Amino acid sequence: MAQKPKVDPHVGRLGYLQALVTEFQESESQDAKEQVLANLANFAYDPSNYQYLRQLQVLDLFLDSLSEENETLVEFAIGGLCNLCPDRANQEHILQAGGIPLITNCLSSLNEETVLSAVTTLIYLSSPGPGSHPELTTLPVIQCMLRFSLSANMRLRNLAQIFLEDLCSPSQVAEARSRQADSALGIPLPRTAAPEQS
């Protein structure tokens, strides 16, 4: 069992978040890093923390963690980005930092929660209407969403359907469908913990 982060409770919100970031950067323990990143992802859920998390460069910490080999770190990092994405300033930061390819790489994860967070994050990053950010709707991403739209997992199926309807033009979807027949196996579906009831 991971220990609680070593943080003085009297330092205030910014100080507390700063201590978490420092602990993540200095820790040698994978368990401690996972625990701290999970805490930061949870703090990212609260809009009153957005400014502090930007100030402490936690968005970059999350983006950097998407390249980790440790699947748990990737899961918490994409979860944190997903929690931060409703905010326009956070969206702009992720887009300007080149976050889209890092996020789309998460679509090939076998971890269901990682994939769900990645699809949700991509939806948040789009402006209304097709064509707002062409890198969001490349052919491989659309083909991936077409596969996800056939998933037994209802959450994944619904998110993929929203992505296809809200971010893609009918012609993009039609082209991806026609090319899918020619392509290799492509991105695997994530593992599900247990079959969902519909």
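Thr114 is buried, at a relative accessible area of 0%; buried means under 20%, exposed over 50% and partly exposed in between, with a 1.4 Å probe and protein chains only. The model is predicted: local features need pLDDT of at least 70, side-chain atom pairs count only at pLDDT 80 or more, and totals for chains, interfaces and linings use all residues. Residues are numbered from 1 along each chain as its sequence is written, and side-chain values use heavy atoms, with hydrogens and water left out.

Thr114 sits in helix H8; helices (H or I, at least four residues) and strands (E, at least two) are DSSP runs numbered from the N terminus. Not counting residues up to four places away in sequence, Thr114 touches Glu71, Val74, Glu75, Ile78, Cys106 and Ser109, where contact means heavy atoms within 4.5 Å.

## Val74 in H5

Val74 belongs to helix H5 and is buried at 5% relative accessibility. Leaving aside neighbours within four places in sequence, Val74 contacts Ser65, Leu66, Glu68, Cys106 and Thr114.

## The nonpolar core

The largest nonpolar core has 54 residues; such a core is a set of buried Ala, Val, Leu, Ile, Met, Phe, Trp, Tyr and Cys residues joined through side-chain atoms within 4.5 Å. The members that touch the most others are Leu40, Phe62, Leu66, Leu107, Val119, Met145 and Phe148. Helix H8 (residues 112–125) gives the most to this core, with seven residues. Domain 1 (11–114) and domain 2 (137–184) both contribute, so the core lies between them; the domain bounds come from an automatic or database domain assignment.

Six of the eight residues of helix H4 (residues 58–65) are buried, so the helix is largely enclosed by the rest of the structure. The buried residues are Val58, Leu59, Leu61, Phe62, Leu63 and Ser65. Their cover includes H1 (12–26), H2 (30–43), H3 (50–55), H5 (71–84), H6 (88–96) and H7 (99–105). Phe62 contacts Leu37, Leu40, Ala41, Ala44, Phe76, Ala77, Gly80, Leu81 and Leu84, leaving aside its neighbours within four places in sequence.

Gln57 lies in the loop between H3 and H4 and is exposed, with a relative accessible area of 53%. Its phi is near 60 degrees, a positive value in a residue other than glycine. Most residues other than glycine have a negative phi.

## Cysteines

The structure holds zero disulfides, a disulfide being a pair of cysteine sulfur atoms within 2.5 Å. For Cys85, the nearest cysteine sulfur is that of Cys82, 6.6 Å away. Cys85 is buried at 0% relative accessible area, and Cys144 is buried at 3%.

## The largest pocket

The largest pocket has a volume of about 230 Å³. On a 1 Å grid over the protein atoms alone, a pocket is an open set of points where a 1.4 Å probe fits, with protein on both sides within 12 Å along at least five of seven lines; lining residues have an atom within 4 Å of a point. Of the 16 lining residues, Glu75, Gly79, Asn83, Glu113 and Ser117 are the closest to the centre. H2, H5, H8 and H10 (154–167) each give two or more residues to the lining, and H5 gives the most, with six.

Terms used:
Points joined across faces, edges and corners; volume = space filled by probe spheres on them.
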